Amino acid sequence: MKIRKIVKRLFLTVFLLLVLLVGALFAIPYFFKDEVLATVREELNANLNATVDFKDVHLSLIRDFPRLCLQLQDFSVMGIEPFEGVELVSGETFEVALNIMSVIKADRPIEVHSIHLEAPRVHVLVLENGQANYDIAKPTPEPTTEEAMPPLQVELASYSLANGRLIYDDRVQGMYVEALGLDHSGKGDFTLEVYDFSTLTAIDSLTVESGGIRYLRNAAVDLDATLQADLPNMKFTLKENALQVNALQLEADGFIAMPTEAIEMDLSFHAPKSDFRQLLSLIPNAYIAGYEQVKVDGRFELAGNVKGVYEGDRYPAFELKALIENGAVQYPDLPMGLGDIQTNIQVSSPQGDLDRMVIDIPTFRLRVGDNPISGRFALRTPLSDPDMDTEIKGTLDLEQLARAFPMEGIETLAGIIRADIEIKTRMSTIDRGDYEAVNMRGELDMQNIRYAAAPYPAMNFQSIQVAFTPQRVELNRFDAQLGKSDLKASGAIDNVLAYFTPNKTMTGQLSVQSNYFNADEWMEETAASSTAAAQPMGASPESVEAPFDRFDFALDAQLGKIDYDVYTLTNTSASGRFTPNRMTLSSMATQLGASDLRGSGEITGVWDYLFDNGTLGGQLQVASNTFDLNPFMVATEPATSTQEPTAYEPVLIPGNIDMQIDARVDRLLYPGLELRDLVGSLVIADQEVMIESLRAKGLDGDIALSGSYNTQQPDKPAFTFKYDLSKLDFQKAFQAFNSFAALAPIGKYINGRFSSSLIMDGFLGQDMMPQFNSLSADGFLATINAYVQGFPPLNAVGEKLNLDYLKNLNLTDTKNWFAVKDGQVELKEFDYQVKDVEMKIGGTHGIASQQMNYNILARLPRKLLEQNPAGQAAASGLAQLRKEAGNMGINLAESEYVNVQINLTGSMTDPKVGLKLLGAGGASLAASAKEALKDEVEAGKEQLKQEAQKQVDAAKEQAKEAVTTAKDTITKAVTGKVEETKQEVKEQLNEQVKDLGKDTKEDIQKKLDDFNPLKKKKKKDGN
């Protein structure tokens, strides 16, 4: 009984211990979750130049006991400039097994045991300048003596990834690799200096391109390989391995060693089986679903090796052998087959110079239907002096080829190609003109070639005839219908063998004619690219084969009509010489509607701009008799007739253009504006157009313009301009310039001429109109024989003062300075006189609201005021105030003039006029402003005196003592009101002069003199 109790208690104790242990295994990770999460974020942020994000972190001691398993859920690493928007790495799960004590103890490095990624997406991008998006590690400072150990210690035993996607896009080497459905794992004792590294790799779809040539397309790959790593000697040796690409099996042996910058290698590979079916599976489109049902006969051999050192221009020796005998192919769903496939390919190069490489194909044959094709090809000294011996003879019916071989994505393929060509010569023989020693003869004839494949329109090459002679290769005829476009060409190539050497340039002549060319059919619809212009994940490059880019041709082009977007060009011609990245135009001309354009100059970077997102540069001189800019304005049509008139969208400047254009236009048409004798220069760079010294005649005067238009923020284009306008017509300028109408609405009511100089900058809205709250401007407007009539604010002033001649003003030889800021136009104070009325005018109005706050200090003859009820009342009041002031010992002198402050408020169309008497006498307006305080005091005395008089009249029957008391009371009241009025006027004057410290006329003049829109550009160029 006692033993049973002991056993029972022992069992309960053990059970409780197990429960506590299991509970601890679940609980401990949560105890340290915050610490681990903080550590992960801290390490990532401290060591990476990238944006790192993850949805959640999970910790477990059960998953990989006794290690701590850390999982990041929905993680991503995004690049920063210039790779902003390019995802370097992302995935569903990133899992790492860590030594838990290395995480808990701050004095120990974090030890990594294993790594696993679930559904990772990796996009490696190397730009043309060599900058790579994977280079995100921040530079680590030199360790100090106090640093005992690094913060991270990798003792990796294994790693793996499942269902991954990989893109490797190297634009320096011209290499593109895409792997979809990637499973990969590796293991080994990485803590040792010499260890075996075992890997398993499976890829559902692999595409490989290099130099514009696609070697693999959607190939299935399996690799089981063991690599011996010798880290002290940096030598990696292949051991057991097996590679299968589609149906082709390969085995490899050898090593790669990198003890120095030179790479030593001794590698060989061969196909263990000799069934032609395996080799055929590598050909694009050949390896299709149900490939095992394809009937394939024939044998093949494939072997090669690479041995030697690769360093700089020094290459290892290599050799490749491929043999196909009696090959034949019949696809079960196609009515025809391919037969008599024979070839023997041998490529060999000794170590050192690639110019010693030899390519030898002594024979190749192929039969498509009943048409045989045969030939040979040999090439030696390909770099220095291509020595070619080749022959091709036969007929290829493309329609029969489409019935014998799968053509994925091709809708139509037909036509006949006949070739009978023999070339046996060296390029040096052609170069020195020894044509008797040149064996080059034959013809290439293509008739009725029809090809259709999305996304491009159908193409029909009616006739292409090429003749080979000892002197050159002549394109005698090229006649094609490309979609809606027709194209004819002829020409010649002087040194066709230059195609085979990267050190030579192909030269020749080309003449092109077209009655109609529709460019829209051949333009790719692409959204604005990111800074890195990267391909999206899972997308292969647009171009399968890179265009040939070593040529120098004389060009003569004549095109009758070109449709591009909303534009139609006619009578287009161009002549000159062009290479891939330099086009020298001796002349060019085109017609765009009523616009004609002609010019000459140089354009650089054409090939890079078209095919590699490069920069288009150059310098052009263009001229035009008439050029209409209206068709270039991108209009947004209203949906109904009741909507506002057509608005314009911003014209975006491409970022990869760096060009200068010197223009001369006899007549330039712009919405609402016609300019003549225009001369100027445009500099286009960095998504900005800079205008330098543009001069023209228009609006009955002279116009000069400098400035810039910047679209680096596409939704918020910026501009900065300086205008110098001389003797322009007010009404025409008001109608032509929206900005002028907003800044100076009075211009609508002015007839005559003006000159102006101003600097203006700000932002444009989507309607191409300035955003007035961002507008800043400084300048002056000088009137010449101008006349204002019907301006509502002046009408209101004239009505208020009953002075009709203030309603219509003659503005002759005035100069008015102004500034614009925060949506307000500030008119600097200026003097003006109408007959015997002197005025000082200044104030502000809102650009958008048109609300005014203008002050006019006017010195008015008393006799003019007395002609209206308001003036008579004022004169009567002044006389009464003078009489009563005399009774109290205060003297008011008689005067012929009254100084009045006129305050204009309200809007331009609904003005409000306020009047205030500032004083009387012969003082000038300059003095009146300073004496405004005294005038307010006098006005206060008058008001109080009137009230005091009422009290005196009511108390006449009282005793003299009472009168004296009343007088004292009035005097005190008047004195108090004086002080009160004095304070009010002081505050008012302070309000009026608080902005006097801002831009003065001299400051504005300095800005006008110093304006230079190209200062930044010249500084950047070092000029």
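**Salt bridges, a buried serine and a covered helix**

Hi everyone, let me start with a pair of charged side chains: Asp666 and Arg664 form a salt bridge, with 3.7 Å between the closest N and O atoms. Both partners are partly exposed, Asp666 at 28% relative accessibility and Arg664 at 41%. Please keep in mind that this is a predicted model.

That brings me to confidence. The chain has a mean pLDDT of 77, and 73% of its residues reach 70 or more. Over residues 6–31, though, the pLDDT is below 50, and this stretch has 11 contacts in the model beyond near neighbours in sequence. The pLDDT is also below 50 over residues 969–998, a stretch with 27 contacts beyond near neighbours in sequence.

How many salt bridges does the structure hold? There are 34. As a reminder, side chains of opposite charge can pair when their charged atoms come close. Some of these residues are linked in a network of salt bridges, made up of Arg376, Asp389, Glu391, Asp420, Glu422 and Arg441.

Now for another pair I like, between two strands. Arg859 and Glu838 meet through their side chains in a salt bridge of 3.5 Å, N to O. Arg859 sits in strand S45, residues 852–861, while Glu838 belongs to strand S44, residues 837–846, so this pair ties together parts that are 21 residues apart in sequence. Is Arg859 buried or exposed? Arg859 counts as buried, because its relative accessibility is 10%, under the 20% cut-off.

Next, helix H10, which spans residues 792–801 and is mostly covered, with seven of its 10 residues buried. Which residues of H10 are the buried ones? They are Pro792, Pro793, Leu794, Ala796, Val797, Gly798 and Leu801. Just after H10 comes Asn802, which takes a positive phi of about 55°.

Let me turn to a serine. Ser463 lies in strand S22, residues 459–468, and is buried, with a relative accessible area of 4%. What does the side chain of Ser463 join in a polar contact? The side chain of Gln447, at 3.2 Å. If we leave aside neighbours within four places in sequence, Ser463 is in contact with Met446, Gln447, Arg477, Phe478 and Asp479.

Finally, out to the surface. Leu231, Met234, Ile256 and Met258 form a nonpolar patch there, and together they have about 270 Å² of accessible area. Where is Met258 found? In the loop between strand S12 (248–257) and strand S13 (263–270). Met258 counts as partly exposed, at 33% relative accessibility.

If you'd like to open the model on your own screens, I'd begin with the Arg859 and Glu838 salt bridge, then move on to the buried Ser463 and the patch that includes Met258.

How values were computed. Residues are numbered from 1 along each chain as its sequence is written. This is a predicted model: local features need pLDDT of at least 70, side-chain atom pairs count only at pLDDT 80 or more; totals for chains, interfaces and linings use all residues. Side-chain values use heavy atoms; hydrogens and water are left out. Helices (H or I, at least four residues) and strands (E, at least two) are DSSP runs, numbered from the N terminus. Buried means under 20% relative accessible area, exposed over 50%, partly exposed in between (1.4 Å probe, protein chains only). A polar contact is a pair of N or O atoms within 3.5 Å; within protein, one must be able to donate a hydrogen and the other to accept it, and residues adjacent in sequence count only if both atoms are side-chain atoms. Contact means heavy atoms within 4.5 Å. Patches are made of residues with over 30% relative accessible area and no salt bridge: like charges are joined within 9 Å, nonpolar side chains (Val, Leu, Ile, Met, Phe, Trp, Tyr) within 5 Å. Accessible areas come from the Shrake-Rupley method with a 1.4 Å probe; for residues, only the protein chains shown count as cover. A salt bridge is a side-chain nitrogen of Lys or Arg within 4 Å of a carboxyl oxygen of Asp or Glu. pLDDT is the predictor's confidence in each residue, from 0 to 100.
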